[in-house]
Amino acid sequence: MTPRIRAFRAEDAEYIIDNIREDDRKELAAIGLSASDGIRMSVENSTYLYTGLDRDNNPAFVLGTAVTPSGAMIWLLGTDAIDREPKTFLLNSRPVLDLMFEITGVKTIYNYVWKGNKVHIKWLKWLGFHLHEHEEGPLKDFIFFYMTKE
């Protein structure tokens, strides 16, 4: 995957839906959404949207943020291109995360990740996010993650 990020285009959502990573599909299913409904809902509720392109200029992932009173809720849904070139994805994650802080103007970025999405959990830890597991209740299958920058 080349380190190319561009503005989101509507057709990117369709590409991700058709080629979504299995763990991303399972995470959406864990909250009762299909890949199609999950990405459409995420796109519709986002303040900022970007698409990462693979080496063939196909969407590798869609990344969005929704600015809230608490900060910015961040999300990413991707294809197997992320897994095929993990080093490139990892090395470009921090600059993209810094961009999300810059464009949103918030101090905290957060969301939940499904406990079964082990690759994303490792990635979030590597980026320096704080993780908090819920032992019971409706969020017991999810981990809250957040990062605060002063």
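Helix 5 (residues 86–104) supplies the largest share of the lining of the largest pocket, 7 residues. This pocket holds about 890 Å³ of space, and 43 residues line it. The model is predicted: local features need pLDDT of at least 70, side-chain atom pairs count only at pLDDT 80 or more, and totals for chains, interfaces and linings use all residues. Residues are numbered from 1 along each chain as its sequence is written, and side-chain values use heavy atoms, with hydrogens and water left out.

**Largest pocket**
- A pocket is an open set of points, on a 1 Å grid over the protein atoms alone, where a 1.4 Å probe fits, with protein on both sides within 12 Å along at least five of seven lines; lining residues have an atom within 4 Å of a point.
- A volume is the space filled by probe spheres set on the points, which are joined across faces, edges and corners.
- Ile74, Trp75, Leu76, Asn111 and Tyr112 are the lining residues nearest the centre of the largest pocket.
- The lining of the largest pocket comprises 29 nonpolar, 11 polar and 3 charged residues; Ala, Val, Leu, Ile, Met, Phe, Trp, Tyr, Cys and Pro count as nonpolar, Asp, Glu, Lys and Arg as charged, and the others, Gly among them, as polar.

**Second largest pocket**
- The second largest pocket has a volume of about 240 Å³, and its lining includes Arg21, Asp83, Phe89, His120 and Trp126.
- Helix 4 (81–84), helix 5 and helix 6 (118–127) each give two or more residues to this lining.
- Helix 6 gives the most, with 6 residues.
- By class, this lining has 7 nonpolar, 1 polar and 4 charged residues.

**Aromatic contacts**
- The whole structure contains 6 aromatic pairs, where rings of Phe, Tyr and Trp (its six-membered ring) pair if their centres lie within 6.5 Å.
- One aromatic cluster is formed by Tyr110, Tyr112, Phe144 and Tyr146.
- The charged end of Arg94 sits over the ring of Trp126, 4.2 Å from its centre; this requires CZ of Arg to be within 6 Å of the ring centre and within 35 degrees of the ring normal.

**Overall chain**
- The chain has 6 helices and 7 strands, which are DSSP runs (H or I, at least four residues, for helices; E, at least two, for strands) numbered from the N terminus.
- From the N terminus on, the elements run β-α-α-α-β-β-β-α-α-β-α-β-β.
- Of the 150 residues, 46% count as buried, meaning under 20% relative accessible area (1.4 Å probe, protein chains only).

Methods:
Rings of Phe, Tyr and Trp (its six-membered ring) pair if their centres lie within 6.5 Å; planes under 30 degrees apart count as stacked, over 60 as edge-to-face and the rest as tilted. Buried means under 20% relative accessible area, exposed over 50%, partly exposed in between (1.4 Å probe, protein chains only).
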